[in-house]
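Let's walk through this model together, from its overall form down to single residues. Have a look at the structure first, and then we can start with its surface.

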Amino acid sequence: NANDGFCSNVDSIVISMRSLPVVVMEDSVVVCNGAFLTVEPISDGIIEWQPAQGIVDHVTPIQTLSVSTDQVLYLSATNSWGCTRNDSIQLHVVFPPSFSVSAASISSCAPLDVFESIDSCDMSDASFRWIIPGYDTLFGNIMNTTVRRSGVFDLVVEAYSIDGCMSDTVL
């Protein structure tokens, strides 16, 4: 009331709260050295990746890359209101087992008992698969089988790390 020596005025403002964009991405991923990895975040915003090893187009949402060292990928998602949310994913690179087998060629009449073993391996927790293509598959650190038919057979040995990374050799 102006008679009291005070003037008052009422005004209002509108405050619009805009939501941040949604970004859903794994925290970390284990990838085998040299393998291709597809990183596909779920987002309702426009994605922009920070420069990193393997990122060619920093605005393409889905990235397929091959990594050889541990790294963190960073991204920003911006929605239509200009609100931005950041996220990251840790890439942990693991290596396949390195192993040796010193099997020699065998020439014999069937049936033949064949016994081979791993000479050395740099991972104590590696698992092995022995494959005689079209004939037999065995699992373990040794191969002990009887070849009952004549023919020429390759022997494939695959070694797997606990993370599933594989190396192989054909004997």
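What does the accessible surface of the protein come to, and what percentage of it belongs to carbon and sulfur atoms? The accessible surface is about 11200 Å², with 52% of it belonging to carbon and sulfur atoms; such areas come from the Shrake-Rupley method with a 1.4 Å probe, and for residues only the protein chains shown count as cover.

A word on the ground rules: this is a predicted model, where local features need pLDDT of at least 70 and side-chain atom pairs count only at pLDDT 80 or more, while totals for chains, interfaces and linings use all residues. Residues are numbered from 1 along each chain as its sequence is written, and side-chain values use heavy atoms, leaving out hydrogens and water.

Now for the overall build. The protein has 16 strands and 0 helices, both being DSSP runs numbered from the N terminus (strands E, at least two residues; helices H or I, at least four). Its radius of gyration is 30 Å, well over the 16 Å that the globule rule gives for 171 residues, so the protein is more spread out than a compact globule. That radius is taken over C-alpha atoms, and the rule is 2.2 Å times the number of residues to the power 0.38. Along its principal axes, the C-alpha trace spans about 120 × 30 × 25 Å.

Let's go inside. Of the 171 residues, 28% count as buried (under 20% relative accessible area; exposed is over 50%, partly exposed in between, with a 1.4 Å probe and protein chains only). The largest nonpolar core has 17 residues, and V39, W49, L73, I89 and L91 have the most contacts inside it. Such a core is a set of buried Ala, Val, Leu, Ile, Met, Phe, Trp, Tyr and Cys residues joined through side-chain atoms within 4.5 Å. Strands 2, 3, 5, 7 and 8 each supply at least two residues of this core. A second, separate core of 13 residues includes F99, A126, I132 and M143.

A search of the whole structure finds 1 salt bridge (a side-chain nitrogen of Lys or Arg within 4 Å of a carboxyl oxygen of Asp or Glu). R129 forms this bridge with E158, their closest N and O atoms being 2.6 Å apart. The pair links strand 12 to strand 15, 29 residues apart. R129 is partly exposed at 26% relative accessible area, whereas E158 is buried at 9%.
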